[in-house]
Amino acid sequence: MFVSELDLRDFRSWPELHLDLEPGVTVFAGRNGHGKTNIVEAVYYTSHLGSHRVSTDTPLIRTGQDNARVSATTINNDRALTTHLLIKTAGANQAQINRTRLKSPREVLGVLRTVLFSPEDLRLVVGEPAERRRFLDELLSLRTPRIGGVRADYDRVLRQRNALLRTSSMVLRRGYQDESGAAALSTLDVWDAQLASLGSQLITARLLLIDALAPLITSAYASVAPESRPASVRYKSTVGLGEGLGEERDPATFEAALLAELGRRRKEEIDRGTTLVGPHRDDLVLMLGNTPAKGYASHGETWSYALSLHLAEYQLLSEQGSAPVLILDDVFAELDAKRRERLVHVAEEAEQVLITAAVGDDLPANLHDAVAARYTVTMDNGVSAIAGSG
């Protein structure tokens, strides 16, 4: 799998950009802040429908513009598909595959698969649970695009439920004996049922993913940091399920457990005006030996763990089909020789590698011969420009 063409319009610092890309290693070099990461961010966005740097789409649109467009042609087993994404400041984003308008941008998920390494990866280990949930859910959406729809529907129901808890707190407290209270509680019951149904599907999918991912993470960490304690992962749920990875994966069981826990904590949720139960509160716990990596891992161990998560991700996606496009965003400067060597080994196996670096010479020596194209990115008055050849 590789990207053969990339077209940007009003994406970040790029008013326009057209690139013809080839398999092999492509390097984008330039000073920090000049726009090289914006290029690989656009490729990543095409794959995940989200940025690795920001949580909303608005910063992706060039200042003063109403929308941005990202078009990418992906070659997979000699089949070419061009995705077009229109990112809007207002209203829903739009998407096409070739000339076909799609009902939802989520339908492009799976056309292009990418794995990205960047300095922000440390947040996977030391950051909040939302970072690790996003890692799981984005990987799920690449492997099983249907789950991307489940996740979006769950988020929609969660917003509606939270709005009801927040705006109708006093009415809900009146209980079923009051007419308005009974109506509000009946509406809450509807949201509970939908939240439990969608949430159980998401929890089940996450647990099945962790079943496949866990041994790969342990193995990758051992290869990157053989002198360290063994790495392991487990799923921490707000309903107390999935603590052991050997459990049966039954969505009906999780749905019943979610409904029971929502009922048990209903008064607390009404008092606090927010949903306290569900996969949006769960976490992927990263362990080193018998202690959590967060708060106890050294800086080197933290980097090794972050690297191992993506190495496992890359291996899992490669086993499922074509190897994903590998994106290395200013990462070599952050790694020591051993971790560079492990990453280079993966890069040598990939069909396409996109690399950003402050200077082209930041590359490890054994990658230089594999470089198919080099580009220099500059900026003038906030507008990026590119020079080089494929």
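Trainee: Is Pro230 buried or exposed?
Mentor: Pro230 lies in the loop between α6 (179–224) and β9 (231–236); helices (H or I, at least four residues) and strands (E, at least two) are DSSP runs, numbered from the N terminus. Buried means under 20% relative accessible area, exposed over 50%, and partly exposed in between, with a 1.4 Å probe and protein chains only. The relative accessibility of Pro230 is 58%, so Pro230 counts as exposed.

Trainee: What kind of model is this?
Mentor: Residues are numbered from 1 along each chain as its sequence is written, and side-chain values use heavy atoms, without hydrogens and water. Local features need pLDDT of at least 70, side-chain atom pairs count only at pLDDT 80 or more, and totals for chains, interfaces and linings use all residues, because the model is predicted.

Trainee: Which residues does Pro230 touch, beyond those up to four places away in sequence?
Mentor: Contact means heavy atoms within 4.5 Å. With residues up to four places away left out, Pro230 touches Met287, Leu288 and Gly289.

Trainee: Is Ser304 buried or exposed?
Mentor: Ser304 belongs to helix α9 (residues 299–320). Beyond its neighbours within four places in sequence, Ser304 has contacts with Tyr221, Val224, Ala225 and Arg339. Its relative accessibility is 0%, so Ser304 counts as buried.

Trainee: How many salt bridges does a search of the whole structure find?
Mentor: A salt bridge is a side-chain nitrogen of Lys or Arg within 4 Å of a carboxyl oxygen of Asp or Glu. One of them joins Arg174 and Asp178, at 3.9 Å from N to O. The search finds 24.

Trainee: How many residues apart in sequence are the parts that Arg173 and Asp271 tie together?
Mentor: The side chains of Arg173 and Asp271 form a salt bridge at 3.2 Å, N to O. Arg173 is in helix α5 (residues 169–173) and Asp271 in helix α8 (residues 266–272), so the parts tied together are separated in sequence by 98 residues.

Trainee: What is the radius of gyration of the protein chain?
Mentor: The radius is taken over C-alpha atoms, and the globule rule is 2.2 Å times the number of residues to the power 0.38. For 390 residues, a compact globule would have a value near 21 Å. The value for the protein chain agrees with this, at 23 Å.

Trainee: What share of the 390 residues in the protein chain is buried?
Mentor: The protein chain has eleven helices and 15 strands. Among its contacts with a separation of 6 or more, 68% are between residues 24 or more positions apart. The buried share of the residues is 53%.
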